[in-house]
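Welcome! Please take a look at the sequence and the 3D structure below, and keep them open while you read this briefing.

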Amino acid sequence: MTLDTMIVARTGDIGGFQVRRALPSVKRRMVGPFVFLDQMGPAEFLIGHGLDVRPHPHIGLATVTYLFEGEIMHRDSLGTIQPIRPGAVNWMTAGSGISHSERTAPELRAQGFNLFGIQAWVALPAKSEETAPAFVHHAARTLPIIQAEGKTVRVIAGSLFGEASPVETPTATFYADAALEAGARIPLPAEHEERAVYVAQGKIDIAGDTFEEGQLLVFRPGDEITITALETARVMLLGGEPMDGPRHIWWNFVSSSQERIEQAKADWKAGRFGTVPDDDEFIPLPER
């Protein structure tokens with residue numbers, strides 16, 4: 001069997017609604033540079049309701065937000081105000097420290113909406129953990145799409161199937177959204193040492209075994225993998241080269257140094273991360 005590890009995403013809460021968290025897990029801390037993987041929704045927000053992730057800090061990572069459906073308004077301490085919509089990508093490099101919020105815009109709350117997407121965290125290499133914070137947005141039209149035989153693949157970051165995303169990554173990485181019709185088949189190239197598939201919707205078959213939504217499948221290096229959709233399915237393909245050492249993860253902080261995380265705790269508590277435009281209802285440091 002080509003499968004190394006299978007992780008069932010556990011339920012968590014962000015901004016008042018439930019998410020599925022596949023990484024980190026006791027079974028696997030990282031896949032390539034990916035240290036965090038959350039599925040948001042699919043969820044329906046009634047009129048007057050929305051996502052409310054208050055301002056909070058990050059260090060040592062990049063947040064990668066990608067939506068299938070809905071909209072999120074991003075604000076950060078650099079002064080960025082950017083809505084993200086389906087097929088686009090927000091890549092926020094925390095580096096030495098940034099704070100940001102993710103909310104639903106008032107006009108969307110007024111009409112009700114659906115939300116469905118993935119947020120990932122990508123660990124930065126040790127030499128880049130203290131880089132200056134930055135934010136980039138790439139519209140859906142700028143990301144390459146591969147369409148053939150019942151499948152549509154959007155390359156979010158890195159390169160896959162001969163196509164390269166315009167999103168710059170600090171390490172060799174691949175990250176893609178694959179929408180599959182029932183019966184469609186897609187290979188998972190073996191050139192990256194660490195590879196995984198996350199099933200966001202539907203059911204798939206790999207080597208005669210069936211996998212369902214909410215499962216993260218991590219594969220052995222070099223093995224030939226083919227994914228077959230047993231019904232209409234949505235999967236995320238992700239991975240890359242192994243990281244340059246383990247990472248400490250505490251709350252929203254990721255670092256190769258535990259001492260740096262302790263410093264980040266003190267900095268957030270003392271208000272040294274900067275403020276988010278038009279959004280000062282920050283999340284306090286957890287008491288643990």
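Two residues are in contact when they have heavy atoms within 4.5 Å. With that in mind, leaving aside neighbours within four places in sequence, Leu 37 is in contact with Arg 20, Arg 21, Ala 22, Leu 23, Ile 118, Gln 119, Ala 120, Tyr 175, Tyr 198, Leu 216 and Leu 238. This is a predicted model, where local features need pLDDT of at least 70 and side-chain atom pairs count only at pLDDT 80 or more, while totals for chains, interfaces and linings use all residues. Residues are numbered from 1 along each chain as its sequence is written, and side-chain values use heavy atoms, with hydrogens and water left out.

**Nonpolar cores**

- Here a nonpolar core is a set of buried Ala, Val, Leu, Ile, Met, Phe, Trp, Tyr and Cys residues joined through side-chain atoms within 4.5 Å.
- "Buried" stands for under 20% relative accessible area and "exposed" for over 50%, with "partly exposed" in between (1.4 Å probe, protein chains only).
- The largest nonpolar core has 29 residues, and Leu 37, Tyr 175, Tyr 198, Leu 216, Met 236 and Leu 238 touch the most other members.
- Another core, of 24 residues, lies apart from it, and its members include Leu 180, Leu 188, Val 197 and Ala 229.
- As background, nonpolar side chains tend to be buried together in soluble globular proteins.

**Helix H2**

- Helices (H or I, at least four residues) and strands (E, at least two) are DSSP runs, numbered from the N terminus.
- Which residues of H2 are buried? They are Arg 260, Ile 261, Ala 264, Lys 265, Asp 267 and Trp 268.
- Glu 259 and Lys 269 are exposed, on the face of H2 turned away from its buried side.
- Among the elements covering the buried residues of H2 are strand E5 (52-58), strand E10 (98-103), strand E24 (248-250) and strand E25 (253-255).
- Just after H2, Gly 271 has a positive phi of about 75 degrees.

**Lys 265 in H2**

- Lys 265 belongs to helix H2 and is buried, with a relative accessible area of 15%.
- Not counting residues up to four places away in sequence, Lys 265 touches Trp 250, Phe 253 and Leu 285.
- The charged end of Lys 265 sits over the ring of Trp 250, 4.1 Å from its centre. A charge counts as sitting over a ring if NZ of Lys or CZ of Arg is within 6 Å of the ring centre and within 35 degrees of the ring normal.

**Aromatic rings**

- Rings of Phe, Tyr and Trp (its six-membered ring) pair if their centres lie within 6.5 Å; planes under 30 degrees apart count as stacked, over 60 as edge-to-face and the rest as tilted.
- By this rule there are 11 aromatic pairs.
- The ring centres of Phe 68 and Phe 116 are 4.7 Å apart and their planes are at 65 degrees, so this pair is edge-to-face.
- Phe 68 is in strand E6 and Phe 116 in strand E11 (residues 113-123), so to speak a link between distant parts of the chain, 48 residues apart.- Both Phe 68 and Phe 116 are buried.
- Phe 253 and Phe 273 make a stacked pair, 6.1 Å centre to centre with 15 degrees between the planes.
- Phe 253 lies in strand E25 and Phe 273 in the segment after H2, so the pair ties together parts that are 20 residues apart in sequence.
- Phe 253 and Phe 273 are both buried.
- One aromatic cluster is formed by Trp 250, Trp 251, Phe 253, Trp 268, Phe 273 and Phe 282.

- Gly 60 is in the loop between E5 and E6 and counts as buried at 3% relative accessibility.
- Leaving aside neighbours within four places in sequence, Gly 60 is in contact with Ala 94, Gly 95, Ala 123, Leu 124, Glu 129 and Val 254.
- Ala 62 is in strand E6 (residues 61-69) and is buried, with a relative accessible area of 0%.
- Beyond residues up to four places away in sequence, Ala 62 touches Trp 91, Met 92, Thr 93, Ala 94, Ala 120, Trp 121, Val 122 and Leu 124.
- Thr 63 is also found in strand E6, and at 2% relative accessibility Thr 63 is buried.
- The C-alpha atoms of Thr 63 and Phe 135 are separated by 9.5 Å, and the two residues are 72 residues apart along the chain.
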